[in-house]
Structure formats: structure tokens, C-alpha cells
Amino acid sequence: MLDVHRLTKLSVQKGMNRMDREAKPVPSLCQVYQDHFLIGAAVNARTILTHESLLTQHFSSITAENEMKFEELHPALDRYDFQRADALVNFAEQHGMKVRGHTLVWHNQTPSFVFSHSDGTARTREQVLAILREHMTTVMGRYKGRVYAWDVVNEAVSDADDRELRDTPWLRQVGEDYLSLAFEMAHEIDPNAQLFYNDYNETHPGKRERIYRMVKSLLSRGVPIHGIGLQGHYRLGQPPRDEIRDAIERYASLGVKLQVTELDVSTYAWNDQSREVQVQVQDARSQERQAQRYEELFSLFRAYKDVLTGVTLWGIADDATWLDNFPVRGRKDWPLLFTEDHVPKPAFWVVVDEATR
Ligand code: HAH
């Protein structure tokens with residue numbers, strides 16, 4: 001059941017209703033959170049222009065949505081393209097924002113030349129590792145001192161209970177030690193960068209334990225891994241708050257830092273993959289439910305601020321979100337804190353209130 005009254009009550013308690021809020025000057029999200037953790041946004045070469053004022057007002061960190069992925073930076077064996085990634089890093093520096101690097105080793109958006117010769121035959125383990133080392137040296141070297149944290153490895157753990165690691169070309173062609181080798185190379189190249197393992201479905205108990213075991217095993221062998229990124233692609237009702245709390249507790253018990261790296265709250269259930277677009281606007285009920293969910297999330301995040309060093313939203317405003325095309329192409333979603341017109345949503349206000357409770 002929808003509990004619209006709870007929010008209303010909250011607002012009344014604070015002596016404020018929605019009308020007052022609209023009249024109130026809009027506080028800076030990253031400023032109200034500055035004693036807690038960084039507030040980040042995923043950006044691209046377009047949104048740093050189209051969303052410039054929201055970005056500079058509310059966010060203290062950015063992540064490139066695609067621009068630092070392997071295929072974007074390094075589209076051919078002998079060719080790099082840093083134009084767009086440079087534009088994002090320059091933007092961040094001009095506005096005093098930090099940059100998270102995303103991502104070095106992943107099974108998606110990685111060109112096939114990494115794993116095979118042009119005739120299609122597989123490269124050897126040593127060849128794949130040489131390409132990875134050259135890629136990481138070039139990319140991390142270029143942004144040394146300008147990118148403070150890297151998602152060194154993204155999504156290496158299996159979703160299925162019958163295996164620990166995801167079946168990827170990295171695993172098949174290099175072997176399990178691609179993980180330790182990637183972190184060791186990263187640390188060698190930029191000893192000051194914070195090195196993260198990043199994954200989704202990170203609160204799911206089975207996958208949580210697989211991530212926990214993998215990171216624990218790396219740490220026990222002295223591998224330089226400093227943090228776990230919880231992607232945070234959540235929905236209105238899922239996963240339950242307690243499941244998120246348990247995941248934070250479990251990962252924190254490893255003694256590493258945590259960041260929420262790709263937060264959004266889809267208004268659709270995970271299993272709702274219907275292709276019909278039923279609605280064209282986010283109605284008030286949905287906005288209120290989403291505000292309650294964001295309140296629940298940020299009260300949890302605040303409670304763990306000693307271990308949680310950043311919360312990055314996977315986008316800025318509802319007019320530009322990857323969820324418009326995932327998992328259903330062309331279905332509109334409204335997962336963020338600002339409307340399609342860049343106006344703060346009820347969720348924005350509860351997140352602001354949560355910082356000062
Ligand atoms: C994330 N994967 C990736 O880390 C990010 O780079 C991308 O832009 C969007 C989401 C989440 C994911 C996926 O790509 C496929 C299935 C489940 C989850």
C-alpha cells in the first residue's frame with residue numbers, strides 16, 4: 001500500500017509543505033552532504049553541456065557513463081581517442097569536482113582485438129595481458145592525479161549460484177589471476193589511486209557472498225584493492241532495505257571502503273519487461289513512493305558514512321537516463337532526483353532533509 005501520509009507528515013513536522021518547498025531556494029546537494037560523503041553523477045560529453053547548471057550546483061564528483069570504457073578510449077589496437085574523456089576531466093577540474101574512472105577490465109564495451117587477432121584466432125594469455133598492461137598504462141598514466149578512484153574490474157562475479165566467477169574472455173583467456181594482475185598493475189601505475197571492484201545485484205545474498213569471497217581472497221593475498229563499488233541499480237520496492245544493509249555490513253567487514261557507484265531507482269519492477277509504454281509522465285503517486293524509497297536509502301547511507309565515501313547517481317535528471325533503453329528499449333523511466341525539466345523532485349527534498357536529520 002502506498003503511504004503518502006508519511007511524507008506529508010514529515011513535511012508538516014518540519015513546518016513545510018510542498019508549496020513552501022517550491023518557493024524555497026534550492027540547496028546544493030553536495031554541500032548539504034559535504035560532511036558525509038561525495039555526491040556524484042554519471043555524465044557524458046553531451047550532458048556536461050545540457051545539464052551544466054544542475055551538475056555544478058549539486059555534484060562534487062563525476063563518472064563517465066561511457067567515455068572511459070575500453071572501446072571508447074581505445075577503439076583499435078594502435079589507436080586511442082581521448083577527446084571526450086578529456087572534456088569530462090577538464091569540466092570536473094574547472095568546477096572543482098572529483099572524477100571516478102569507469103572502467104578498466106570489463107566483459108562489455110571491450111573491443112574484440114583485445115582477445116583475438118584480425119583473422120579471428122585467439123590471442124595467448126601473454127598477448128592479452130600485454131594489451132591490458134599497455135591500455136592501463138596509457139589510460140591511468142594520462143589521468144594520474146586527476147582521476148582519484150578507478151573501477152579496476154567491473155562485474156566479474158557470476159549471477160548464477162553454480163559458479164563463482166562470470167564466464168568472460170578475461171577469465172577464459174587469462175585465467176583467474178586476471179583479477180589480481182589487474183589490481184597489481186593499477187597500483188603500480190598509479191599508487192595514489194583508490195582501486196575498486198564494482199558490481200550489480202550486489203545485495204543479492206548469493207552474489208553478495210561470491211563478491212565477498214572474491215575480494216577477501218584477493219585481500220588475503222595482499223592484492224591492492226581498496227574498495228567495493230555497489231552499483232545500486234534499485235527499484236521502488238526491491239531490493240529490501242535490510243538486504244542492502246546486510247550487504248553494506250558484509251562488505252565493510254572486509255575493512256575496505258565502500259561507494260554506491262551507479263545509484264538509480266527505477267519505477268518499474270525488475271520482472272516487468274512489458275514493451276507497451278503505458279505512461280508518459282511520472283505521476284505524483286509514483287514521485288511520492290520514490291521519495292520514500294530515496295529517504296530509506298539515504299538514511300541507510302548516512303548511517304554508514306564512516307565506511308561509505310561516495311554516492312554517485314547514474315545520471316543527473318530524468319530526461320537522460322540509460323533506463324529509457326534498458327531493459328526495455330524506448331520505455332520511459334524516471335529514476336533520478338530531478339525531473340525531465342531539471343526541477344527538483346520530492347525525492348530531492350527528502351534526500352536533502354536526510355542530510356541534516
Ligand atoms: C552497469 N551495468 C555498468 O556498470 C555501466 O557501465 C553501464 O553504463 C550501465 C550499468 C549494469 C547492468 C548491465 O549493464 C546489464 C545487466 C545488468 C546490470
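A polar side-chain atom of Trp314 lies 3.5 Å from an oxygen atom of the ligand, a polar contact in the sense of a pair of N or O atoms within 3.5 Å. Ligand oxygen atoms also lie 2.8 Å from a side-chain N or O atom of Lys69 and 3.1 Å from one in the side chain of Asn154. Taken alone the ligand exposes 410 Å², of which the protein buries 84%, with areas from the Shrake-Rupley method and a 1.4 Å probe.

This is a predicted model, in which local features need pLDDT of at least 70 and side-chain atom pairs count only at pLDDT 80 or more, while totals for chains, interfaces and linings use all residues. Residues are numbered from 1 along each chain as its sequence is written, and side-chain values use heavy atoms, with hydrogens and water left out.

Around the ligand stand 13 residues, the closest being Lys69, His102, Asn154, Glu155 and Glu262; a residue is near if one of its heavy atoms lies within 4 Å. This shell divides into 5 nonpolar, 4 polar and 4 charged residues, where Asp, Glu, Lys and Arg count as charged, Ala, Val, Leu, Ile, Met, Phe, Trp, Tyr, Cys and Pro as nonpolar, and the others, Gly among them, as polar.

Turning to the aromatic rings, the count comes to 13 aromatic pairs, a pair needing ring centres within 6.5 Å, with planes under 30 degrees apart called stacked, over 60 edge-to-face and the rest tilted. Tyr80 and Phe82 are stacked because their ring centres are 5.5 Å apart and their planes at 5 degrees. Ring pairs also link Tyr33, Phe37, Tyr294, Phe298 and Phe301 into a cluster.

Definitions and conventions: Polar contact = N/O pair within 3.5 Å; in protein donor to acceptor, adjacent residues only side chain to side chain. Phe/Tyr/Trp six-rings, centres within 6.5 Å; stacked < 30°, edge-to-face > 60°.
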